[in-house]
Amino acid sequence: MAHINPSFEPVKRADHFRARIHKLEELGHSQADTKTWEIYDSETEKLLAQTFGPAHRYVEAYKYAILGEAEALVNMPEAGQEPSNQDLPQKAIQQRRQLLHAIVAELENVEKIEEEALTGEDHEDPPSLM
């Protein structure tokens, strides 16, 4: 078994997006101004581009989520359940949230696979005799 330093926990990519979700919740409850939203969205787009690359579908989907029009790009089940006369800013916040949650779920899965691959057996046992 690999030696693990219990005082060190690496920062995972999913943690960065969890922080963005937390910040989104704070902004959604505080009735933030337009400039604050622009800064938040710019930082989030930069994080998406750094994590996935500037041409990734998540970068494009996030741009549409800002406008509240991301249903066609990402599976957003709540879109069909809400009435057509929605509050566009609230719809945009909800779509950002859903997209970020989908990203966190995907990254958690990838990170789990990576961790299993990296923490595999680090010693060789003699071949077992049957």
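The model is predicted, so local features need pLDDT of at least 70 and side-chain atom pairs count only at pLDDT 80 or more, while totals for chains, interfaces and linings use all residues. Residues are numbered from 1 along each chain as its sequence is written, and side-chain values use heavy atoms, with hydrogens and water left out.

Begin by selecting Phe 17, Tyr 40, Leu 48, Phe 52, Leu 100 and Ile 103, which have the most contacts inside the largest nonpolar core, a set of 20 residues. Such a core joins buried Ala, Val, Leu, Ile, Met, Phe, Trp, Tyr and Cys residues through side-chain atoms within 4.5 Å, where buried means under 20% relative accessible area, exposed over 50%, and partly exposed in between (1.4 Å probe, protein chains only). Helix α4 gives the most to this core, with 6 residues; helices here are DSSP runs (H or I, at least four residues), numbered from the N terminus.

Next, turn to the salt bridges, each a side-chain nitrogen of Lys or Arg within 4 Å of a carboxyl oxygen of Asp or Glu, of which the structure holds 9. Select Glu 108 and Arg 18, whose closest N and O atoms are 2.3 Å apart; this pair links helix α4 with helix α1, across 90 residues. Glu 108 is partly exposed, at 38% relative accessible area, and Arg 18 is partly exposed at 34%.

Finally, select Arg 13, Glu 111 and Glu 114, which a network of salt bridges links.

Definitions and conventions. Helix = DSSP H or I, 4+ residues; strand = E, 2+ residues; numbered from the N terminus.
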